[in-house]
Amino acid sequence: MSLENFRLRNAPSKDDEIPVTADDQRQINRFGRLNNVVQELEDNYKVILQEIEKLDDGNDELLLVDDDEVLFGFGECFISLSKDACEALLESEIEKKKQEKENIKNQVDEIRSEMNDLKKKLYGKFGDNIYLEPE
């Protein structure tokens, strides 16, 4: 969502025009920046969910392997590891990703809380003359 979405709408006539102060403009800009951050964090959240799913799939596949040694893909290369070491490494990576996922969720919750506060203030002053909802 771009800042265009946070515009004054239903332009009031000169009689009922609401002045936009510098502080109001800062709040509107802050809301727009926070909204962009939330969208970026949500995109990262989706990527992390996919990575966790791939790691879980790898862990499931590891259970089917009969060999004691397996090749573990690390970036663009493969490392020969024991099955137990590979399992431990996968579990460690899964836990890291789950922690990242939780951190992102907490960040989004904090930002949304601040956005809701800004919405209340801005809608309180501008009413229907401002639009702060995602399209």
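In the predicted model described here, isoleucine 111 touches Leu34, Val37, Val38 and Leu41, leaving aside residues up to four places away in sequence; contact means heavy atoms within 4.5 Å. Residues are numbered from 1 along each chain as its sequence is written, and side-chain values use heavy atoms, with hydrogens and water left out. Because this is a predicted model, local features need pLDDT of at least 70 and side-chain atom pairs count only at pLDDT 80 or more, while totals for chains, interfaces and linings use all residues.

Ile111 is also one of the residues with the most contacts inside the largest nonpolar core, together with Met115, Leu122 and Ile130. This core has 16 residues, a nonpolar core being a set of buried Ala, Val, Leu, Ile, Met, Phe, Trp, Tyr and Cys residues joined through side-chain atoms within 4.5 Å. The elements that give two or more residues to this core are α1 and α2. A second, separate core of 8 residues includes Leu55, Leu62, Leu81 and Ile94.

The protein chain has 2 helices and 2 strands, in the order α-β-β-α from the N terminus on. Helices (H or I, at least four residues) and strands (E, at least two) are DSSP runs, numbered from the N terminus. Of the 135 residues of the chain, 27% count as buried, that is, under 20% relative accessible area with a 1.4 Å probe, protein chains only. Among contacts with a separation of 6 or more, 70% are between residues 24 or more positions apart.

The helix α2 has 44 residues and reaches 63 Å from its first C-alpha to its last. This span is close to the 64 Å expected at 1.5 Å a residue, where the expected value is 1.5 Å times one less than the number of residues. The buried residues of α2 include Leu90, Ile94, Ile104, Val108, Ile111 and Met115, as well as Lys97 and Lys119. These buried residues pack against α1, β1 and β2 (77-82). Just after α2, glycine 127 takes a positive phi of about 55°.

The largest pocket has a volume of about 350 Å³. A pocket is an open set of points on a 1 Å grid over the protein atoms alone, where a 1.4 Å probe fits, with protein on both sides within 12 Å along at least five of seven lines; lining residues have an atom within 4 Å of a point. Of the 15 lining residues, the closest to the centre are Lys54, Leu55, Phe72, Gly73 and Leu90. At least two lining residues each come from α1 (22-64), β1 (69-74) and α2 (83-126).

Conventions. Points joined across faces, edges and corners; volume = space filled by probe spheres on them. Buried < 20%, exposed > 50% of the residue type's maximum accessible area, 1.4 Å probe, protein only.
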